[in-house]
Amino acid sequence: MLSKGMQSRVIKIGLMIVGLSVAGAALAQSVRDQQIAERLMPVGSVCLAGESCASGGGAAAPAMAQAATAAFSAQGTYEQYCAMCHNTGMANAPRRDDAAHWTARVAEVGLATIINNAITGINAMPPRGMCATCTDEQVGEVVQYLSGASAQ
Ligand code: HEC
């Protein structure tokens, strides 16, 4: 039989071992979490087809830029900002389905002019069709979608 002092020491050591293994498991889990997070992260380091797959920061920027470009949709922007006037003819906005109007208008003044009018606003047409986040180029793309005219 162990003495009372020995017994309590054995129990303490036992508890310490349990404690250490719990702490060890928690540490291992947090390292695993970090590894999983790193594996889930590589949005910026995704290698797109046709791109050289350099590792590190160099590859991240172009991939992110591509993602930002991909997020813009001329049709989506049109539906969100322009459709309420240009699908209905509200305030005499030329309708998107009025192909004859757009063909004649583009032939008359040119696509660049109507894009510029859309950017600056013309009469009841608000500047940028109220798309405050649209760049000039993006307004241009939406105007091409609206008018059916292509810059090429
Ligand atoms: C509040 C209503 C309204 C919204 C929203 C609107 N427009 Fe217009 N738009 C008009 C009206 C009205 C006209 C006709 C202006 C005129 O010629 O007197 C017009 C005309 C235009 C024209 C023709 C310009 C020209 O010179 O013939 C273009 C291009 C155009 N809009 C693009 C857009 C785009 C792109 C959006 C969305 C990003 C948009 N509009 C959103 C009302 C609107």
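1. The structure under discussion is a predicted model.

2. Within α5, the buried positions are Ile114, Ile115 and Ala118. Viewed down the axis of α5, these buried residues fall within an arc of 105°, so they line one face of the helix. An α-helix has 3.6 residues a turn, so residues three or four places apart point the same way. Ala112 and Thr120, on the other side of α5, are exposed. Gly121 follows α5 and has a positive phi, near 90°.

3. Leaving aside residues up to four places away in sequence, Ile114 touches Arg105, Val106, Val109, Val143 and Ser147.

4. The largest nonpolar core comprises twelve residues, among them Ile114, Ile115 and Ala118, together with Tyr78, Cys82, Cys134 and Leu146. Two or more residues of this core come from each of α3 (74-86), α5 (111-120) and α6 (136-147). In soluble globular proteins, nonpolar side chains tend to be buried together.

5. The ligand is surrounded by 27 residues, of which Cys82, Cys85, Asn123, Met125 and Gly129 are the closest. Cys82 and Cys85 also belong to the largest nonpolar core. At least two residues of the shell are supplied by each of α3, α5 and α6, and α3 contributes the most, with five residues.

6. As to composition, the shell around the ligand contains 20 nonpolar, five polar and two charged residues.

Note on methods: Residues are numbered from 1 along each chain as its sequence is written. This is a predicted model: local features need pLDDT of at least 70, side-chain atom pairs count only at pLDDT 80 or more; totals for chains, interfaces and linings use all residues. A nonpolar core is a set of buried Ala, Val, Leu, Ile, Met, Phe, Trp, Tyr and Cys residues joined through C-beta atoms within 7 Å. A residue is buried if 20 or more other C-beta atoms lie within 10 Å of its own, exposed if 12 or fewer, and partly exposed in between; C-beta atoms are placed from the backbone. Helices (H or I, at least four residues) and strands (E, at least two) are DSSP runs, numbered from the N terminus. Two residues are in contact if their C-beta atoms, placed from the backbone, lie within 7 Å. The arc is that of the directions from the helix axis to the C-beta atoms. A residue is near a molecule or strand if its C-beta atom, placed from the backbone, lies within 6 Å of it. Ala, Val, Leu, Ile, Met, Phe, Trp, Tyr, Cys and Pro count as nonpolar, Asp, Glu, Lys and Arg as charged, and the others, Gly among them, as polar.
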